[in-house]
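This report describes a protein chain and its RNA partner. The sequence and the structure come first, and the text follows.

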Amino acid sequence: MIKEEIRKVIENALKELGITETGFVVEHPADLKMGDYSTNVGIKTGKAREIYAHLAVSPPSGVERVELAGPGFINFYLSKEFFKKSLKKIIDEGENFGKSEYIKGTKIMVEHTDPNPFKEFHIGHLMPNVIGSTLARIFEWNGAEVKQVNYQGDVGLHVAKAVWAIREGKKDNAYALGHKAYEEDQRAKKEIEDINKEIYDKSDEEINKIYEEGKKKSLESFEVIYKRLGTKFDYYFFESETGEAGKKIVQENIGRVFEESDGAIVFKGEKFGPSLHTRVFINSQGLPTYEAKDLGNAKNKYDHYPYDLSVVVTSNEIKEYFRVMLTALSQIYPELAKKTKHLSHGILRLLTGKMSSRTGNVITAEALIEEVKGKVKGDEQVAIGAIKYMILRQAIGNDIVFDLEKSVSIEGDSGVYLQYAYARANSLLKKADSQGRTLLEVGQGSTLSRETHEVEKLLHRFPEIVERAAKEYAPNYITTYLTELSSSFNNFYANEQVLNDSSESAYRLAIVQAFSIVIKNGLTILGIPTPLSM
RNA sequence: GCCCCCAUAGCUCAACGGAUAGAGUACUUGUCUUCGGAACAAGGGAUGUGGGUUCGAUUCCUGCUGGGGGCACCA
């Protein structure tokens, strides 16, 4: 709240000068050299000099200095007192520093990961998992009540393919083998289609047994990886549970929303929007497709948890599918469709070679974790952090180009960098404690070096970063911020001796402590482990 | 063919319509009697292309080129 306070103080000071222009902003300039806050109001109104003259005489509270710069920007430099107070505030709030009430009381459901039983949990699943669970935490830090859910495709042709292969005695790579047979062998194709139906109506004892055992084994293996990744789901939904409801919803709306075409029940998207297309909701065999199941899923989710906002995290390739499905949903449950937000992420793209679960050429999440572990002295926490950082450092819609040779980065701009800075800070605090230094009082910082000052200039911004990440569904803002913060801390660390006899020592120690709080809170939001030493 | 997304340094990514477009990596060089060198500092190197809107465009609109994805019984 300290951030909005000071921003508002500046905005109010401007209003008191009789400014009626509304299109101006008070923001952090790109460079710390240009002040802590900056406004373009002078450019917008054409009265930069006048406004500056007034502010220079009586600067807003908390502001030490005002300057006129560039094409008419007015820059504000915060006072020493302000920073001292903000350090105190960070230390006092501790693990709660950064929490906001921006969306206090709203109920949010985040669906993510959605792996299919009978298929491998591969590196492609890491994207929605890491992004989805991080968004959930971002919402929580902004005051929302959040449930994470996992919607899993336990029925459908892909499952039938795997079950078929298992029945043929093939245990490894069942899905890929089943898919291959489906494509190349007419008889296999027919058998797989029969199995698909039998899975739905549970009419065959042998199929039931293979199916139940395979599903159980698959789900258990997913739990192992969730545990390593630190993911906890509140609800698990399955397509097998939503099929019936979805089919019913479609059938009740034939004529109004859906229509028959070539023996199937379809939704003609073109009639509802220019960039929408036709999709099959019930196939000619009478089975609900993914589309119908998703309608059932939307209803089912709301019945379990009456949300204000439902966020669904999936990859880009189903972006247009989702628009069509959501349009169909809006014709049936307009209030649910309105509350649904689809966030699509890019894919992990390999620099060399292709990955496909259909051909069996996949890199499992487990294999990747193990490989990264090998590069970081076998440290699981560091490996997990490095992988998560790679995913969270960029805007979520873009693909991640992944070089198998270079693997995950462990130096410079990386998860390791953040964890290392935290471990260093922690080591300092430990030593200070053993020397009997007090960690609660912020000392005098009368002659601060540039390096020291830069760290505190960034520290107080943390809460607004967390809020903006929620507003824009952008975890990468937090990642970028933490990296900049750690960089300034490492610079400070390399240039200043914290624990010595100087009069500045206590103030520097307060900065170290505030830094350790912010970096820890930030990493916690990102789901990156925070080992005390490494 | 129609629709959607993307294009920033050699490579991988940032930049809420603003100031000198930031990082990492790679390359070159420097920092170690000092709290953790998985670190710090210095150097060169970029907005695909043509228009438009704006006081101001990497950002908004538009033409082109290049790449990715989607478009009926898969999920």
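A residue is called buried if 20 or more other C-beta atoms lie within 10 Å of its own, exposed if 12 or fewer do, and partly exposed in between, with C-beta atoms placed from the backbone. By this count, 43% of the 534 residues of chain A are buried.

The model is predicted: local features need pLDDT of at least 70 and side-chain atom pairs count only at pLDDT 80 or more, while totals for chains, interfaces and linings use all residues. Residues are numbered from 1 along each chain as its sequence is written, and chains are lettered from A and ligands numbered from 1 in the order in which they are written.

**Chain A.** The C-alpha trace of chain A spans about 85 × 55 × 40 Å along its principal axes. Chain A contains 20 helices and 14 strands; these are DSSP runs numbered from the N terminus, helices being H or I with at least four residues and strands E with at least two. Two residues are in contact if their C-beta atoms, placed from the backbone, lie within 7 Å. Among contacts in chain A between residues at least 6 apart in sequence, 73% join residues at least 24 apart.

Five strands form an open sheet in the order 7-6-5-11-12, with parallel pairing; two strands pair if DSSP finds at least two bridges between them. Strand 7 and strand 12 stand at the edges and have a single partner strand each, so one side of each is left without a neighbour in the sheet.

| Strand | Residues |
|---|---|
| Strand 5 | 107–111 |
| Strand 6 | 145–152 |
| Strand 7 | 235–238 |
| Strand 12 | 340–345 |

Strands 5 and 6 pair in the parallel sense over five bridges, and Lys-107 has Glu-145 of strand 6 as its bridge partner.

**Val-110.** Val-110 belongs to strand 5 and counts as buried because it has 28 C-beta neighbours inside 10 Å. Leaving aside neighbours within four places in sequence, Val-110 is in contact with Gly-132, Leu-135, Ala-136, Val-146, Gln-148, Val-311 and Val-313.

**RNA strand B.** A residue is near the strand if its C-beta atom, placed from the backbone, lies within 6 Å of it. RNA strand B is surrounded by 77 residues, of which the closest are Gly-70, Gly-156, Asn-283, Gln-394 and Gly-412. Helix 16 (residues 415–434) gives the largest share of this surface, eight residues.
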